[in-house]
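Subject: Handover of a structure for your review

Dear colleague,

Please find below the structure that I am handing over to you. My notes on what was found in it follow directly after.

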Amino acid sequence: MARVRTGVRAMGAVLVAALGLSLAGCSSTGGKRAEDARKAAAAGGRAAVDTPRWTFAMVTHSGDGDAFWDIVQNGAKQAAVKDNINFLYSHSDEAQQQAQLVDAAVDKKVDGIIVTLAKPDAMKAAVARAVKAGIPVVTVNSGSAESKEFGALTHIGQDETVAGEAVGEELNERGRKKALCVLHEQGNVGHEQRCAGADDTFDGEMQNLYVDGTNMPDVQSSIEAKLQADPSIDSVVTLGAPYADAAVKAKQSAGSKAEVDTFDLNAKVAAALKAGTLGFAVDQQPYLQGYQAVDLLWLYKYNADVLGGGKPVLTGPQIITKDQAAALAEYTERGTR
């Protein structure tokens with residue numbers, strides 16, 4: 001009996017070894033899936049590095065409930081987990097309050113600051129104070145023209161003028177003749193640059209319409225009134241995803257045939273592109289902006305690395321149409337596009 005048990009153990013060892021060889025010889029797809037799952041689990045809750053737990057603060061010009069900045073934060077938080085970073089986020093759509101939030105981050109002696117420069121004049125002194133305190137600064141999303149002047153390491157985002165120019169070119173390809181560019185935030189230099197860039201490359205006539213972006217019914221009624229007054233407008237360009245829906249409703253109420261196009265992408269915009277209620281969207285990849293901002297600060301702290309060579313690191317523009325919308329739907333649903 002002992003010999004039988006020994007034989008069984010021997011055979012078991014052979015089977016285990018054979019199984020190990022069999023698994024090792026399985027398709028690379030299975031191995032890759034397992035490795036991807038392992039990496040995903042590691043990134044989901046544990047740092048991938050053993051560098052000190054630095055604290056980075058991100059201060060943006062976002063208003064309350066802006067889904068665009070949720071996507072930016074998703075990217076920043078994911079990078080923060082990977083890089084062992086304590087990530088702090090604050091925001092205000094009032095420029096002076098945003099500057100005060102930067103000052104507060106400086107007073108906390110954080111290890112790095114990420115900041116938007118939608119209204120650069122109001123932010124200059126606060127950024128200078130951070131730089132003087134020896135805190136590395138990365139600007140993100142808005143302020144590419146002022147970033148280097150203010151002493152930031154680099155800027156991450158799209159060049160708003162270039163993005164606007166891409167819109168003008170796309171409108172030309174679609175045969176549009178008269179477009180309305182809807183600006184929803186007074187004093188935002190990036191918004192002005194978008195409309196100006198579109199006007200530069202658009203062969204037709206471009207008009208600007210200023211609306212109160214904090215009051216969506218006002219946005220809709222203002223666009224509706226403009227479309228009713230001028231039926232020759234054949235394209236409406238909004239500068240943010242939430243305003244595209246208001247423009248579509250305004251178009252329907254006005255009985256207009258104008259195409260509605262927009263800057264920025266989210267799940268609702270992707271669905272509207274797929275359905276054909278929107279013509280195209282300009283994606284600046286906000287997830288990438290947040291992720292890269294944290295990652296580049298970590299690289300600077302860890303290895304004195306700086307990307308861009310003094311130039312902005314561009315995350316856009318990418319023109320998204322109905323053809324691409326379906327492929328991006330799953331990413332917009334999970335909040336990363």
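Among contacts in the chain between residues at least 6 apart in sequence, what percentage join residues at least 24 apart? The value is 72%. Please bear in mind throughout that this is a predicted model.

**Overall composition**

The chain comprises 337 residues, and buried residues account for 45% of them. Its secondary structure consists of 13 helices and 12 strands.

As general background, nonpolar side chains in soluble globular proteins tend to be buried together. In this chain, the largest nonpolar core holds 28 residues, of which Ile 223, Val 236, Val 269, Leu 273 and Leu 278 touch the most other members. Two or more residues of this core come from each of β6 (178-183), α9 (216-229), α10 (241-254), α11 (267-275) and α13 (322-333). The greatest contribution is that of α10, with seven residues. If residues up to four places away in sequence are not counted, Ile 223 touches Val 182, Leu 209, Val 236, Ala 247 and Ala 250. Another core, of 21 residues, lies apart from this one, and its members include Trp 69, Ala 80, Phe 87 and Leu 297.

**Packing of α4 and α5**

Two packed helices are described by the angle between their axes and the distance between the axes. For α4 and helix α5 (residues 120-132), the angle is about 5 degrees and the axes are 8 Å apart. Angles under 35 degrees count as roughly parallel, and α4 and α5 are therefore roughly parallel to each other. On the α4 side, the contact is made by Ala 95, Gln 96, Gln 98, Ala 99, Val 102, Asp 103, Val 106 and Asp 107. On the α5 side, the residues are Ala 122, Met 123, Ala 126, Arg 129 and Ala 130. By class, this contact of α4 with α5 has eight nonpolar, two polar and three charged residues.

Ser 92 is placed in the loop between β2 (86-91) and α4 (95-107). Ser 92 counts as buried because its relative accessibility is 7%, and buried means under 20%. A polar atom of the Ser 92 side chain lies 3.1 Å from the backbone nitrogen of Glu 94. The side chains of Ser 92 and Gln 97 are also joined by a polar contact of 3.1 Å. Leaving aside neighbours within four places in sequence, the contacts of Ser 92 are Thr 60, His 61, Ser 62, Gln 97, Gln 98 and Leu 101.

**Thr 154, in strand β5**

Thr 154 belongs to strand β5 (residues 154-157). Thr 154 likewise counts as buried, at 7% relative accessibility. Its side chain reaches the backbone oxygen of Leu 307 at 3.2 Å. Not counting residues up to four places away in sequence, Thr 154 touches several residues, including Val 137, Ser 147, Leu 296, Gly 308 and Val 313.

Ala 47 is found in the loop between α2 (28-45) and β1 (55-60). With a relative accessible area of 36%, Ala 47 is partly exposed. Ala 47 and Ala 80 are 33 residues apart in sequence, and 8.2 Å separates them in space, C-alpha to C-alpha. Apart from neighbours within four places in sequence, Ala 47 is in contact with Val 81, Lys 82 and Asn 84.

With kind regards

Technical notes:
Residues are numbered from 1 along each chain as its sequence is written. This is a predicted model: local features need pLDDT of at least 70, side-chain atom pairs count only at pLDDT 80 or more; totals for chains, interfaces and linings use all residues. Side-chain values use heavy atoms; hydrogens and water are left out. Helices (H or I, at least four residues) and strands (E, at least two) are DSSP runs, numbered from the N terminus. Buried means under 20% relative accessible area, exposed over 50%, partly exposed in between (1.4 Å probe, protein chains only). A polar contact is a pair of N or O atoms within 3.5 Å; within protein, one must be able to donate a hydrogen and the other to accept it, and residues adjacent in sequence count only if both atoms are side-chain atoms. Contact means heavy atoms within 4.5 Å. Axes are lines fitted to C-alpha atoms, for helices over the stretch in contact, and angles run from 0 to 180 degrees between N-to-C directions. Angles under 35 degrees count as roughly parallel, over 145 as roughly antiparallel, 65 to 115 as roughly perpendicular and the rest as oblique. Ala, Val, Leu, Ile, Met, Phe, Trp, Tyr, Cys and Pro count as nonpolar, Asp, Glu, Lys and Arg as charged, and the others, Gly among them, as polar. A nonpolar core is a set of buried Ala, Val, Leu, Ile, Met, Phe, Trp, Tyr and Cys residues joined through side-chain atoms within 4.5 Å.
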